[in-house]
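Hi everyone, thanks for coming. I'd like to walk you through one structure today, going from helix packing to ligands and then to a few backbone details. Have a look at it first.

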Amino acid sequence: MAEAHPVGFRWVMKAKERGARIIHVDPRFSRTSAMADQHVAIRPGTDIAFLGGLIRHVIETEAYFREYVIPYTNAETIIDERFRDVEDLDGVFSGLDPATGMYDGSSWNYAGCDEAEVAAGWRVHATQAFSEHTGAGMRLEGLERDETLQHPRCVFRILKRHFSRYTPEAVARTCGISREDLLAVADAVVRNSGRDRTTAYCYAVGLTQHTVGVQMIRAAAILQLLLGNIGRPGGGIVALRGHATIQGSTDIPTLYDLLPGYLHMPRAGEKEQTLAGYCRTEGARRGWWANFDRYAVSLLKAWFGEAATVENEYGFGHVPRLSGNHSHFATMLRALDGGVDGLLVMGQNPAVGSQNAGLERRALASLRWLVVRDFAEVETASFWRDSPEVQSGELPPERIQTEVFLMPAASHVEKEGSFTNTQRVVQWRDKALASPGDARSELWFLHHLAKRLKEHYGSSEEERDWPIRHLTWDYPEHGERREPDAEAVLREINGFETVSGRLVSGFDDLRADGSTACGCWIYSGIYRDGVNQARRRNPGDLDAPGGWVSPEWGWAWPANRRALYNRASADPDGRPWSERKRYVWWDEQAGHWTGYDVPDFPAGKPPAYRAPPDAEGMDAISGDDPFIMMADGRGWLYSPRGLLDGPLPTHYEPVESPVGNLLYPDIGASPAAIRWMRPENPYHVTGDPRFPVVATTFRLTEHHTAGGMSRTLPWLAELQPEMFAEIDPLLAADRGIEDGGWMTIVTERAEIEARALVTDRIRPMQVDGQPVHRVAMPWHYGFDGVAVGDSANDLIALAADPNVSIHESRAFTCNVRAGRRARPSTAPLAGTRSARRVAANEDDPAAENPKEAGQG
Amino acid sequence: MTVAPTGEIAVRREDGDEVQRMGFFTDTTVCIGCKACEVACKQWNDLPADGVQFRKGGSYDHTGALSASTWRHVRFVELLEPSEERRTQAAEALAAGGGGQVPTLPATGDGGEEAVDVARAVADMDKWIFMSDVCKHCTNAGCLDACPTGALIRTEFQTVFLQPDVCNGCGYCVPACPFGVVDRDPIDGRAGKCTLCYDRLLDGLEPACAKACPTDSIQFGPYEDLVEVASERVATLHRRGVEGAYLYGAADESGEQLAGGLGAFFLLTEPPERFGLPAQAESPIQENVVPATLAAIGSGLLAAAGVAATFFSATRRMRR
Amino acid sequence: MSNRPGGRTPTARWLRTAVGPVEVETHEEPPTSAGEREAEWVTGHGDRDMTPALGTRGAPARYRRAVEGAAVALARRAWGDARWSFLFRSDTGYATEQPRPGEIEAAGRRMRTGELPEAVQGPIIKPPVWSWEVPLYFWFGGIAAGSSFTALACDLASDPRSAATARKVALGAVAPCPVLLMTDLGRPLRFLNMLRILKPRSPMSTGSWCITTFGSLAAVSVGADVLGRPRLARALGAANSLLGGYLGSYTGVLLATTAVPVWARSRLFLGPIFVATATATGASATRLVLAATGLPRGHPTREALGQVEAGAMLAELTLSTINERRLGRLASALTEGAAGRLFRAAQLGVAAGLGLRFLSRRLGPRAHHAASLLYLGAGVAFRFAWISAGRASSADDEAVALTARGRPPR
Ligand SMILES: Nc1nc2c(c(=O)[nH]1)N[C@H]1C(S)=C(S)[C@@H](COP(=O)(O)OP(=O)(O)OC[C@H]3O[C@@H](n4cnc5c(=O)[nH]c(N)nc54)[C@H](O)[C@@H]3O)O[C@H]1N2
Ligand SMILES: Nc1nc2c(c(=O)[nH]1)N[C@H]1C(S)=C(S)[C@@H](COP(=O)(O)OP(=O)(O)OC[C@H]3O[C@@H](n4cnc5c(=O)[nH]c(N)nc54)[C@H](O)[C@@H]3O)O[C@H]1N2
Ligand code: SF4
Ligand code: SF4
Ligand code: SF4
Ligand code: SF4
Ligand code: SF4
Ligand SMILES: [Mo]
């Protein structure tokens with residue numbers, strides 16, 4: 001965190017000064033470890049084993065926060081009798097189709113809730129939609145619970161049994177750490193949780209970029225729920241997000257499967273043909289998602305304005321339908337097969353930043369046109385003349401048909417806009433400088449592009465051009481450059497009444513009858529009272545009780561809530577768990593919830609309220625159910641639905657690993673992981689003696705991602721001037737690699753050269769009694785700019801988590817040797833092209849969804 | 001021509017005056033080695049990058065040292081304190097694997113045959129210390145004493161400022177600095193070092209490096225107050241068991257001060273030499289100029305007299 | 001405004017004494033609409049001219065002095081933005097404990113005295129940047145100084161002809177000095193900046209004045225000789241020999257007043273050693289010129305010069321040897337590497353010169369001339385050796401660290 005979130009880390013340092021204990025779990029000893037009280041040098045890809053060990057410890061020693069766990073989580077809920085755990089099936093859950101590697105999760109459901117549609121089938125496509133994961137659409141009338149936690153099929157008992165094999169010894173063997181390391185961490189988190197204390201769990205991509213990435217975070221969530229650390233101040237599992245406003249770009253998404261506010265992209269097929277059908281499958285009768293239709297209709301009204309009417313279902317029929325996995329990798333593979341004509345790349349550098357970057361660049365070379373908007377000519381724009389494939393002669397520039405348009409972009413100080421940070425706080429920033437030359441903001445580019453498109457299609461009678469013709473596009477422009485007014489966009493996002501144009505004051509005002517329009521329901525209220533709330537910079541009185549919440553600094557979605565599910569910061573009766581951890585509580589006299597933060601609960605619902613069995617909407621949430629987005633109002637220790645690879649986290653090895661699965665010897669990597677079996681994407685088998693070394697990638701403070709903004713800047717380039725790899729002195733000595741000298745790292749995909757940084761910060765470890773060496777590489781380098789070097793991503797195969805298609809760049813296998821490489825890095829894969837060909841307008845389910853093609 | 005006051009050696013206190021001594025207190029115990037200070041300094045002062053070269057053995061430090069174009073520099077100190085237990089574990093692991101070689105790993109390099117000191121190889125790296133170094137703005141500044149052109153001056157903030165429009169690049173200040181701070185730029189020809197952001201101070205702004213520091217490892221402020229806070233910090237660390245914490249360059253007894261006391265001082269936890277700092281320092285001029293000059297002039301006169309005497313005796317001898 | 005409680009509020013106290021009541025200017029509120037902001041705040045910059053004032057586009061420029069009086073946006077009076085930051089707030093426990101009397105001093109003393117730690121992570125000091133011009137200047141300056149002694153001595157010994165020649169030699173030797181000094185400067189055209197100030201404590205400042213005066217006097221005295229004003233010439237020559245005493249020795253002081261261990265630790269020896277070299281080389285040079293201009297063999301001045309050069313060289317050797325002995329560990333800078341080779345060459349030269357001188361009775365005057373040339377050569381070598389020893393010594397981190405700890409091991 002000190003490395004990649006240095007400014008956020010100041011708060012960690014502050015906490016440390018106040019006595020907080022910092023534990024850093026990371027394969028490398030990094031600048032964060034240097035600041036930590038304890039560093040656990042875990043083997044890459046084994047965090048579930050580690051967290052599982054903690055969970056087991058908490059359960060076995062009965063250290064969990066019982067008063068919290070029973071009422072607030074689904075610990076007491078009973079699971080369908082058809083469910084079989086990995087304990088019973090040698091490492092897989094019930095419902096696996098071994099041929100496709102896909103689960104039918106219907107047996108994972110709560111007992112007594114016959115849910116019409118669950119898990120597999122139509123939900124194969126990756127999704128980040130909240131509604132998917134919250135039980136929207138679940139029928140919970142028949143829910144069975146056992147408060148004594150004795151029922152053998154209650155979640156708690158299942159959990160206990162599931163994690164029983166994660167003994168300290170097994171964890172130590174698997175993770176390559178010592179038993180004492182694990183127990184010290186366990187002891188620290190247990191002692192630091194409960195009524196008076198809370199533990200925060202911070203993670204970033206060291207935890208996510210695995211084929212079991214989602215389950216790793218689930219494991220952390222289970223631990224935190226058991227310890228009562230969710231919805232409380234100083235607790236939580238804190239995602240340290242990436243790019244500036246990457247949070248904003250998932251809220252108002254740049255993702256293929258989401259509409260603004262985590263509404264799901266409607267899917268091709270019968271069920272979502274109509275607006276009503278869409279709202280039915282997506283919405284829920286119980287819990288918050290009962291409001292789904294209001295948000296969906298208001299969004300359509302924001303898009304199509306007057307043209308959106310009840311009669312035409314507010315234009316819903318014109319919203320594109322999702323037909324498959326169109327995530328980045330699927331799209332680029334399709335491009336490789338000739339199935340993509342053109343690509344607009346705005347603020348991305350996949351020629352360096354995407355896994356199997358050689359494949360990525362070959363895919364770019366198969367396009368007809370490519371628009372890159374960036375500050376500099378990044379590798380994605382220059383690949384056609386200086387990529388390793390060009391250097392090796394595999395792709396001579398004259399044979400690359402891609403026409404590349406490089407358009408200069410304005411930087412963040414040269415335009416107005418907002419950043420949504422990692423804790424959902426939206427902060428508006430003003431423009432400080434005019435952008436040089438032709439550089440323009442994204443908003444300018446898209447605005448004028450949209451205007452030209454509208455003009456172009458203005459007279460079209462074609463049905464398919466309806467959305468373009470009717471798209472509302474009336475943002476005012478100002479200045480000589482005719483820059484659209486960013487705040488006008490923000491007002492539309494906030495939402496307004498369609499007739500009066502009056503801004504709404506929050507999502508409570510939104511209606512499903514077309515009387516309101518709202519660009520993104522979770523941001524509704526950001527322009528409350530005609531004021532750009534995100535531009536506020538009032539820290540408030542920091543010394544007042546709870547003053548540190550600073551509610552007038554920027555604005556947080558939803559409804560300026562700084563901590564989600566904060567009802568959980570009070571006990572079931574609505575009283576703070578302790579004076580020290582007071583945050584949101586029930587004010588008996590006033591008869592409503594109050595506190596330092598905006599309560600994340602219906603303001604007037606008393607703790608004693610009990611939902612009648614047949615209640616709908618928010619009425620179905622009882623006064624002591626803090627997790628209002630979940631259909632049952634509970635925190636899920638066990639996920640009865642929403643995940644494609646099992647209801648509970650299970651340790652699986654990375655797709656490439658030097659060792660087998662020590663916890664489940666019959667199974668190695670996750671059976672549900674996405675593997676793209678193609679000659680361009682070869683995998684190493686487990687224990688391949690040619691690739692005995694574990695590799696991982698990481699970031700440097702001095703560089704930013706694929707380097708377009710840092711390797712091009714001499715002041716940053718000089719700080720980390722060349723591609724390097726960190727290795728331990730033992731491995732270095734064995735291979736004759738010298739500190740500061742050259743070394744080559746080899747996989748089946750590529751071989752790259754790097755300077756060797758031989759350091760004791762990397763240590764060989766003992767995995768199941770065998771020594772295993774690691775090599776850690778920053779992945780920032782590419783072939784353009786001031787600081788150049790081979791890209792770590794040339795080495796890595798495409799493999800992904802089934803839930804969200806996140807890649808596995810954190811754990812793979814390789815070998816190292818002394819000296820420089822003899823040929824351009826990706827030469828090993830030159831000429832291994834599959835014969836697949838797809839036309840641009842042709843559906844190709846196999847490429848889009850490897851699962852469907854049975855490539856699991 | 002001006003004659004510089006000889007006595008302008010110690011810092012003058014201007015009581016009642018608006019300005020007083022400003023300085024830096026850099027606390028290495030909270031530095032996270034992010035180098036934001038180094039970049040902020042280069043950016044504010046428009047200093048050139050020093051080139052893109054991987055530095056062997058420098059940990060994450062590739063700019064190496066303070067120089068004419070690097071006025072803030074973050075040092076990385078990797079400290080190895082292998083625990084006994086670790087050593088034994090490692091030795092055992094190795095013995096089990098096979099006589100000093102890395103077991104199960106096919107050796108591909110030349111070093112495959114060499115025995116490896118495993119105990120060292122798996123040393124428990126538990127300390128990685130970062131230290132953001134800068135010009136110390138010495139009370140008794142060697143560079144200032146040396147400068148023949150008067151380019152180096154003491155400002156109203158009692159900092160040592162190098163006027164780039166006066167400096168002629170004579171290079172004398174370079175070896176005259178006991179901390180190896182100031183240097184002459186080979187291309188520009190002039191010497192360069194931290195200005196303590198004199199231009200920003202004039203405008204009422206905090207120096208760029210301190211402003212950028214995310215953990216406030218660099219504290220800027222009135223000298224006396226900094227020393228007070230720094231002393232409290234040391235005491236706090238001592239109470240927490242960090243016995244080795246001490247101030248480098250401030251709060252020393254007179255006679256033990258570094259160059260009369262450093263305007264930019266540090267809180268360190270390891271001996272100064274770990275960070276490339278001398279344990280004691282004084283302006284070499286103030287230390288040596290009087291005795292050396294006396295010896296020199298004495299010998300000069302002696303030589304002149306000696307020559308004359310030789311001539312006398314030679315002439316007399318010839319006459320005789 | 002400060003975050004620290006009570007009277008122990010450094011910033012508050014400082015601000016009170018410094019500027020009276022704190023007034024942090026309220027930040028000017030920007031216009032409310034983007035269009036107005038654009039017009040008022042941004043458009044002023046116009047289309048930025050991206051050509052940098054200095055340097056290459058896309059690369060940072062060189063240091064430029066801030067424009068006098070230029071306004072800087074966001075300026076706050078009196079570092080309002082530098083008030084104690086979060087880590088220093090009382091609630092962090094960052095700096096809360098009161099030190100016990102003497103605690104802080106003792107902590108510093110503990111770490112800064114005693115044995116050197118195992119690992120020294122250099123570089124500690126910067127090597128001197130001077131290049132070949134400087135030792136060469138030392139040599140020429142030394143010759144000039146030495147000849148000025150000779151001129152005085154000749155005058156005193158009533159040999160005005162030789163005195164005049166010696167003054168010419170001094171002028172001739174001092175003439176290249178400014179050129180050499182200038183070329184070594186990073187900014188040669190700013191040579192005259194040396195003369196904008198006289199800093200008695202800076203040997204380079206006094207030296208610059210000295211050489212300027214010496215050069216002028218030498219020129220005028222030679223002019224006086226040429227114009228037939230011997231009294232003036234003699235007077236100026238006498239004055240110059242006094243200056244010469246400084247000219248020949250201050251260079252040693254200059255080196256001694258640095259942080260370079262081998263120089264600083266030779267502080268009482270460098271001046272005398274340099275004077276000895278100056279005297280010897282000055283004498284040799286004058287001797288050769290006098291011989292070339294027809295001063296007969298056996299002339300007392302030639303004899304005396306012969307004695308002076310040999311004596312001064314012997315003195316040089318003696319002083320150097322004593323110094324080397326007492327430097328102990330630091331002497332390695334003088335005995336090893338390039339410096340060591342130069343020293344050995346110089347010593348050989350001196351030894352050969354002395355030998356030749358004694359053989360000259362048998363071998364004739366040419367041998368003595370060769371001896372003089374050897375002294376001159378040895379002089380150059382000595383000068384280069386000292387500079388190169390300085391470079392080696394400053395790169396020897398351990399030596400620097402030990403010297404600073406005040407305990408160079410013997
Ligand atoms: N300076 C800088 N800051 C950045 C960025 C940048 O490029 N430069 N990028 C931004 C972006 S886009 C993002 S997403 C964030 C990412 O922020 P982080 O996730 O913090 O950054 P990384 O360094 O990629 O990964 C963190 C650590 O994960 C470790 N790691 C690798 N494998 C494993 C594993 O299996 N288990 C565990 N526990 N740890 C593992 C690595 O050794 C590394 O130290 O940073 C953001 N901030
Ligand atoms: N091996 C490995 N691979 C990884 C990761 C890893 O940890 N290991 N991390 C992954 C992660 S978390 C991420 S987020 C990705 C990042 O990978 P990418 O998104 O492909 O890489 P970036 O370099 O962040 O690309 C952003 C580009 O946008 C430009 N840019 C910046 N601001 C603007 C703007 O305002 N407008 C426009 N048009 N352009 C702008 C920058 O100059 C830069 O070139 O990489 C992934 N790849
Ligand atoms: S780059 Fe910006 S967002 Fe990222 S850590 Fe630094 S200040 Fe924060
Ligand atoms: S002597 Fe060195 S450290 Fe002291 S003020 Fe001068 S340059 Fe800075
Ligand atoms: S190099 Fe410049 S600053 Fe340094 S002593 Fe010479 S004139 Fe002064
Ligand atoms: S005070 Fe200014 S000049 Fe000195 S290091 Fe900091 S930023 Fe650079
Ligand atoms: S002093 Fe501050 S800015 Fe500099 S490296 Fe340390 S933490 Fe970063
Ligand atoms: Mo990211």
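Let's start with helix α3 of chain A, residues 47-60, and helix α10 of chain A, residues 213-226: their axes come within 9 Å and cross at roughly 20°. An axis here is a line fitted to C-alpha atoms, for helices over the stretch in contact, and angles run from 0 to 180 degrees between N-to-C directions. So α3(A) is roughly parallel to α10(A). On the cut-offs, under 35 degrees is roughly parallel, over 145 roughly antiparallel, 65 to 115 roughly perpendicular, and the rest oblique. As for the names, helices (H or I, at least four residues) and strands (E, at least two) are DSSP runs, numbered from the N terminus.

Before I go on, this is a predicted model: local features need pLDDT of at least 70, side-chain atom pairs count only at pLDDT 80 or more, and totals for chains, interfaces and linings use all residues. Residues are numbered from 1 along each chain as its sequence is written, chains are lettered from A and ligands numbered from 1 in the order in which they are written, and side-chain values use heavy atoms, with hydrogens and water left out.

Back to our pair. The crossing of α3(A) and α10(A) is left-handed, a word we use if the near helix is turned anticlockwise from the far one by less than a right angle, with right-handed for clockwise. Who touches whom? On the α3(A) side we have D47(A), I48(A), L51(A), L54(A), I55(A), V58(A) and I59(A), and they meet Q215(A), M216(A), A219(A), A220(A), I222(A), L223(A) and L226(A) in α10(A). Contact means heavy atoms within 4.5 Å. By class, that contact of α3(A) with α10(A) has twelve nonpolar residues, one polar and one charged. For the classes, Ala, Val, Leu, Ile, Met, Phe, Trp, Tyr, Cys and Pro count as nonpolar, Asp, Glu, Lys and Arg as charged, and the others, Gly among them, as polar.

Next partner: helix α8 of chain A, residues 179-191. α3(A) packs against α8(A) at about 55°, with the axes 10 Å apart. That angle makes the two helices, α3(A) and α8(A), oblique, and α3(A) passes α8(A) in a right-handed crossing. In this contact F50(A), G53(A), L54(A), H57(A) and V58(A) of α3(A) meet L182(A), L183(A), V185(A), A186(A) and V190(A) of α8(A). Eight of these residues are nonpolar, two are polar and none is charged.

And then there's helix α7 of chain A, residues 168-175, where the angle with α3(A) is about 165° and the axes are 9 Å apart. That makes α3(A) roughly antiparallel to α7(A). The crossing of α3(A) past α7(A) is left-handed. Here A49(A), F50(A), G53(A) and R56(A) in α3(A) meet P168(A), V171(A), T174(A) and C175(A) in α7(A), giving five nonpolar residues, two polar and one charged.

Now the ligands. Ligand 1 is surrounded by 26 residues, and the closest are D26(A), R699(A), H703(A), T705(A) and R810(A); a residue counts as near if one of its heavy atoms lies within 4 Å. An oxygen atom of ligand 1 is 2.6 Å from an N or O atom in the D26(A) side chain. A nitrogen atom of the ligand is 3.1 Å from a side-chain N or O atom of T696(A), and a nitrogen atom is 3.0 Å from a polar backbone atom of T701(A).

Over in chain B, 13 residues surround ligand 4, the closest being C135(B), K136(B), C138(B), C143(B) and C177(B). That shell divides into nine nonpolar, two polar and two charged residues. Ligand 6 has 13 residues around it, with C41(B), R72(B), C194(B), C197(B) and C209(B) the closest. Which elements give two or more residues to the ligand 6 shell? They are α1 (36-45) and α7 (208-212) of chain B. The ligand 6 shell has ten nonpolar residues, two polar and one charged.

Last, some backbone details. The peptide bond from W557(A) to P558(A) is cis, with omega near -10°, and P558(A) sits in the loop between β18 (555-556) and β19 (584-587) of chain A. The bond from G122(C) to P123(C) is cis too, with omega near -5°.

Note on methods. Polar contact = N/O pair within 3.5 Å; in protein donor to acceptor, adjacent residues only side chain to side chain.
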